[in-house]
Amino acid sequence: MRHVFSVRIGPVSFRVGSDWRGPVEQLRALYADHPAPVDGIADYTVRLSATRPWRRFVRPSVAIAGDYMLPDAAPLPLAHGLLAAEMAMNLQLALGERRFLLLHAATVERDGRAIVLTGESGAGKSTLAALLSARGWRLMGDEFALLDPETGLLHAFPRLVSLKNAAVGVVRRALPEARFGPLMAGTPKGDIRHLVPDAVALAAMDRPARPVRLVFPRYGFANDAQPVGAGEAFVRLTQASTNYVALGEQGFDALTRFVREVPAVALDYPDADSAIAAIEG
Amino acid sequence: MAETRYRAPARDGLRIAALDDLIAVYHRASGITHLVVAPVPELLEAMAGEWRSLESLAEAFGLAAGERGALIERLDELVAAGLVEAA
């Protein structure tokens, strides 16, 4: 690979190699304040390669690859190289991680107490986490909550926050001083723009937190908050975990402990303000 | 014809965690998590590591001769799920 970039995000480090300079330069700029991998050795390797050698010159598109692969991952146009890098990094972690139980969730923390927001794409995880960070919460991550099976604590994974469509404008208004990546229009996930986690998130990224609340937000419905039992939370979180099966008994122990100790609520909300009020209330 | 007998894994072959209304059962041999409700944990306990006949299970749960249909259904489900052996 001609262009290489390495970064540590919480307890996880990546090395990204690319056939093109562009995506690596963007990553380097946006992750400028993140540390390098400890001892220079990355946990995961990601490759952004030209789908065909000649395609590097003619309508270039990016195929993502690494230690773990999805054979049918569609190539993305080079203009979306940053998105390809993000997807590839997520994929390596999602499929390869064995130290932590991974929950597809955003996490924010205040006074050592973490709130976990989980739900399908479009539920508002990233948006709510970014908006809460504008209100003094520490952003631990918008994509993966890393649950330590030994301690029951959550570890931060403050990667670039991936904002989609209308969320881009909402978060820009709430965080006018924040740094954002380039707007990538018309990706398979819609219009995407990345938010750089703030200095608080980066300074504290090695500090784990105790989960105290699990929220299943759902955007586009009238205000409603209903408690979710431990059994239902367990089922939903096995679906929201990318490595529950791979962790075996350790995953079972970690997740049963989590749902027994952490009260859960299903939160329907019509707009971000009401969700924030419900989460902070 | 010999009567069908059933056996669940020994106690240390399962991890069982009550989660409100559901009970999560982790089967160590297969690595599969099962979500069950009563009386499955009680059934598993009654034949943990031990072959039991339908007769003796029905007796243990106080079922009369006409009430065994549901027990057979539960046992068949557990056999299909791989949590219980039948012989």
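Predicted model: local features only at pLDDT ≥ 70, side-chain atom pairs only at ≥ 80, totals over all residues.
**Entry 1. Overall build of chain A**

I began with the secondary structure of chain A and counted nine helices and 16 strands. I then looked up its radius of gyration, which is 18 Å, close to the 19 Å that the globule rule gives for 281 residues, so chain A is as compact as a globular protein of that length. For the outline I took the C-alpha trace, and along its principal axes chain A spans about 55 × 45 × 35 Å.

**Entry 2. Domains of chain A**

I looked up the division of chain A and found domain 1 at 3-96 and domain 2 at 101-280. Over C-alpha atoms, the centres of these two domains of chain A are separated by 23 Å. I listed the contact next: domain 1 of chain A contributes 17 residues to it and domain 2 of chain A contributes 22 residues.

Which elements supply at least two residues each on the domain 1 side of chain A? I noted α1 (21-30) and α2 (81-96) of chain A. The most comes from α2(A), which gives seven residues to the side of domain 1 that touches domain 2. I sorted that side of domain 1 of chain A by class and got ten nonpolar, five polar and two charged residues.

**Entry 3. α3 against α4 in chain A**

I turned to helix packing inside chain A. Helix α3 (residues 125-133) and helix α4 (residues 166-174) of chain A have axes 9 Å apart and pack at an angle of about 5 degrees. Angles under 35 degrees count as roughly parallel, and α3(A) and α4(A) are therefore roughly parallel to each other.

I wrote down the residues that meet. From α3(A) they are Ser126(A), Thr127(A), Ala130(A) and Leu131(A), and from α4(A) they are Ala167(A), Val170(A), Val171(A) and Ala174(A). By class, the contact of α3(A) with α4(A) holds six nonpolar and two polar residues, with no charged residues.

**Entry 4. α3 against α9 in chain A**

I stayed with α3(A) and checked its other listed partner, helix α9 (residues 272-280) of chain A. The axes of α3(A) and α9(A) come within 10 Å and cross at roughly 65 degrees. That makes α3(A) roughly perpendicular to α9(A). I recorded the crossing of α3(A) with α9(A) as right-handed.

On the α3(A) side the contact is made by Thr127(A), Leu128(A), Leu131(A) and Leu132(A), and on the α9(A) side by Ala272(A), Ala275(A), Ile276(A) and Ile279(A).

**Entry 5. α6 against α8 in chain A**

I then took α6(A) and α8(A), whose axes come within 9 Å and cross at roughly 135 degrees. That makes α6(A) oblique to α8(A). The crossing of α6(A) and α8(A) is right-handed.

I listed Ala230(A), Ala233(A), Phe234(A), Leu237(A) and Thr238(A) from α6(A), which meet Leu255(A), Thr256(A), Val259(A) and Arg260(A) from α8(A). By class, the contact of α6(A) with α8(A) has six nonpolar, two polar and one charged residues.

**Entry 6. Chain B**

I moved to chain B and found three helices and six strands. I read the order along the sequence as β-β-β-β-α-β-α-α-β. With 87 residues, a compact globule would have a radius of gyration near 12 Å, and the 13 Å of chain B agrees with that. Along the principal axes, the C-alpha atoms of chain B fill a box of roughly 35 × 25 × 20 Å.

**Entry 7. Contact of chain A with chain B**

How many residues does each chain give to the contact? I found twelve from chain A and twelve from chain B. On the chain A side, the elements that give two or more residues are α6 (230-240) and α8 (249-261) of chain A. I sorted the side of chain A that touches chain B into five nonpolar, five polar and two charged residues.

**Entry 8. Backbone details**

I checked the peptide bond from Ala38(B) to Pro39(B) and found it cis, with omega near 5 degrees. Pro39(B) sits in the loop between β4 (32-36) and α1 (40-46) of chain B.

In chain A I looked up Asp111(A), a residue other than glycine with a positive phi, near 55 degrees. I placed Asp111(A) in the loop between β6 (101-110) and β7 (113-118) of chain A.

Key. Residues numbered from 1 in each chain as written. Chains lettered and ligands numbered in written order. Contact = placed C-beta atoms within 7 Å. Helix = DSSP H or I, 4+ residues; strand = E, 2+ residues; numbered from the N terminus. Nonpolar A, V, L, I, M, F, W, Y, C, P; charged D, E, K, R; others polar. Axes fitted to C-alpha atoms, helices over the stretch in contact; angles between N-to-C directions. Parallel < 35°, antiparallel > 145°, perpendicular 65-115°, else oblique. Left-handed = near helix turned anticlockwise from the far one by under 90°. Domains from an automatic or database assignment. Rg over C-alpha atoms; globule rule 2.2 N^0.38 Å.
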